[in-house]
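Hi,

Here is the structure I promised to pass on. Have a look at it first, and then read my notes below.

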Amino acid sequence: MSEPGPLSLHVPEPAVRPGGTPDFSNVKIPKAGAVPRPEIDANPEDIRDLAFSIIRVLNRAGEAVGPWAGLLSDEELIEGMRHMMTLRTFDARMLIAQRQGKTSFYMQHLGEEAISCAFRKALSPGDMNFPTYRQAGLLIADGYSMVDMMCQVYSNARDPLKGRQLPVMYSSKPHGFFTISGNLATQYVQAVGWAMASAIRNDTKIAAAWIGDGSTAESDFHAALVFASTYKAPVVLNIVNNQWAISTFQGIARGGAGTFAARGLGFGIPSLRVDGNDYLAVYAVAKWAIERARRNLGPTLIEYVTYRVGAHSTSDDPSAYRPKTESDAWPLGDPIERLKNHLILRGAWSEERHKQAEAEILDSVIAAQKEAESYGTLHAGGKPSARDMFEGVYAEMPPHLRRQRQQAGV
Amino acid sequence: MARMTMIEAIRDAMDVMMGQDETVVVFGEDVGYFGGVFRCTAGLQQKYGKTRCFDAPISEAGIVGTAIGMAAYGLRPCIEIQFADYMYPAYDQIVSEAARLRYRSNGEFTCPMVIRMPTGGGIFGGQTHSQSPEALFTHVSGLKTVVPSNPYDAKGLLISAIQDPDPVIFLEPKRLYNGPFDGHHDRPVTPWSKHDLGEVPTGHYTLPLGKASVVREGSALTVLAYGTMVYVAQAAVAETGIDAEIIDLRTLVPLDLDTIAASVRKTGRCVVVHEATLTSGFGAELAALVQEACFYALEAPIMRVTGWDTPYPHAQEWDYFPGPARVGRALVETMEA
């Protein structure tokens, strides 16, 4: 041990910066199938290891192996494949639309498609997600209208949110998708409250909370874990660890904790870590946690290990803070490629069918886009009325807002 | 009718609403088994069970955040922040979430919720048991802000707040919990049992949010006040002999501008009184609105008597608190202007 001297502040740095060679040698990837699958009523104390490993089903060869495998049929996997491909295509089109000036802003999911798409399939009707701005797969996988989503992105005359919200801040109660807020982590604790309400009313619905790695540093994250733990709320607490919070690497939020999943252990919450690019593993773990919540066994924390392949948003340039080729070096690969290989290996898919699906999906996304654009884009065509600006602040418009609406001449 | 303190009236409002609406839930720090540090929830857990009235961890953001989720589910949470001074950790949830849920989701999700907070000074509460943060709520679109001044109003307004489809900030002047207080700290306080407004109907009744109450009719000037300052203004009027009209605003948002403007047009003079600090306080909004609505009727500048622009001190309680002497001076000055 060194002699006491002047103190110095430790500021974590990512392993590599622009110009460097991507290096993920510090990310320990266990073999697929290596992590056991405990009973859903397992004692949290007995499954602490699961917070430090990574649950994986698909191996390098594309085979589904181990105790978390075997839950999904060919048809279900093909459906999941199409959801992920749809989300990716949707993202690509909206990214271009933003570059063309048809909207002000967009955020894509590139590389993270498996998480929200697979999780949605494990939920039941009536369950409620409290998503961040990077879980649109919950909507796509539940069959929400792409036209409505695009109208929201365009803030046009048919925007379900009347042009009041920034693009991608969707809301759809019928699809179990809580209204997205720009304020990070706020929804995490609201999800716990929603779950508590379901328990108070002796309902059977459960809630799913969503947060990114960076936002776990917000105080609402901690409040959510305390309340979820105290009241054993029927909630699944999801952390999507995509390694990056805009330009900030995950070590800045994680600090000395080995993993984000480990955060749950101090609260007595069973905590699992899963390969976020493995559709089968995400589904299996989601199913496990949802089942726990549904049987009143309490909350589960899940960390999805993935990588944010795209820029943070259309306002961001990642080459300023990380190597350009870093995503290629990501050891967990691409979720669509991995499921594709698995399906081909199962004999349920082929390169031809994949190409055909790509073409069909592109057609359907373009058709949706054409329809959405027929209702206007941000700066052209139809748009919400200025009267809509004054509606919905309260259930009934109070006198001062009526006066202001009059002043605005609408 | 029954005799009630403000504490009992508030408790009774929650009792009535919990009894008639199963979706009403009450929680906060020390609110459950113990019945609240001010006794406002005494007996509710025993009567309605632990899932309707319960203790919460010491996390204001957690209390408000979970209540928002419950409201989005379809419950009507009536939650407590132990002191208004401690609402700041929940401010993000209140401003960014509760206030905007309806607007940003175009009505898909709503937030029928009441946040009760003991507020105000005059109790040697020092810096963190005395604040009056109402202006931090009135500035936020989507919130309603209520400040009752007596047991009868407190119960009727709280029932209305619980029934209201929008989030309501319910500020309870703790100085008034046991009896009215006119700022004469050197005199014994009369309990609510000896006051007309301590007569409270049993059972369900409501008072409309957004309606002020003229507590004293007069012709010389208009005093705009709420909470404890209603009684301070009454004392100041009695001591100066000025025939003032005193309006208890009761609801700050939505504001009963019609009642205010009608009074000032009649009297031609206006004094605004609040405990909160002066700069950017709610008095500034009131002065601006009166000026806009009543400019040609005004015969004197609008005066504001408020707390000083300092944190709320301890030893200097009565130098800080805008008592009847300070309010009285403002009334005289306004009459002479």
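Chain B is split by its domain assignment into domain 1 (2-200) and domain 2 (213-336); those bounds come from an automatic or database domain assignment. Before you go further: this is a predicted model, where local features need pLDDT of at least 70, side-chain atom pairs count only at pLDDT 80 or more, and totals for chains, interfaces and linings use all residues. Residues are numbered from 1 along each chain as its sequence is written, chains are lettered from A and ligands numbered from 1 in the order in which they are written, and side-chain values use heavy atoms, with hydrogens and water left out.

Back to those two domains. Between the C-alpha centres of domain 1 and domain 2 of chain B there are 25 Å. On the domain 1 side 36 residues take part in the contact, and on the domain 2 side 29 residues do (contact means heavy atoms within 4.5 Å). Together the two domains of chain B bury about 2,500 Å², and carbon and sulfur atoms give 62% of that; buried area is the accessible area, with a 1.4 Å probe, that two parts lose on being put together, summed over both.

How many salt bridges are there between domain 1 and domain 2 of chain B? The count is one, where a salt bridge is a side-chain nitrogen of Lys or Arg within 4 Å of a carboxyl oxygen of Asp or Glu. Elsewhere in chain B's list you'll find Arg250(B) and Asp153(B), whose side chains form a salt bridge at 3.3 Å, N to O. Over all chains, the whole structure has 34 salt bridges. Another one to look up is Arg338(A) with Asp278(A), at 3.8 Å, N to O. That pair links distant parts of the chain, 60 residues apart: Arg338(A) is in helix H11 (residues 335-346), and Asp278(A) is in the loop between strand S6 (271-275) and helix H9 (279-294) of chain A. Helices (H or I, at least four residues) and strands (E, at least two) are DSSP runs, numbered from the N terminus.

On a 1 Å grid over the protein atoms alone, a cavity is a set of points where a 1.4 Å probe fits but cannot get out, while a pocket is an open set with protein on both sides within 12 Å along at least five of seven lines; lining residues have an atom within 4 Å of a point. Grid points are joined across faces, edges and corners, and a volume is the space filled by probe spheres set on the points.

There are three cavities of 30 Å³ or more. The largest cavity has a volume of about 110 Å³. It is lined by 14 residues, and Ser132(B), Glu134(B), Val147(B), Tyr226(B) and Glu275(B) are the closest to its centre. Strand S13(B) gives the most to this lining, with three residues.

Helix H10(B) gives the most to the lining of the largest pocket, with seven residues. The second largest pocket holds about 610 Å³, and its 30 lining residues include Asn26(A), Val27(A), Gln243(A), Gln250(A) and Arg254(A), which lie nearest its centre.

Cheers
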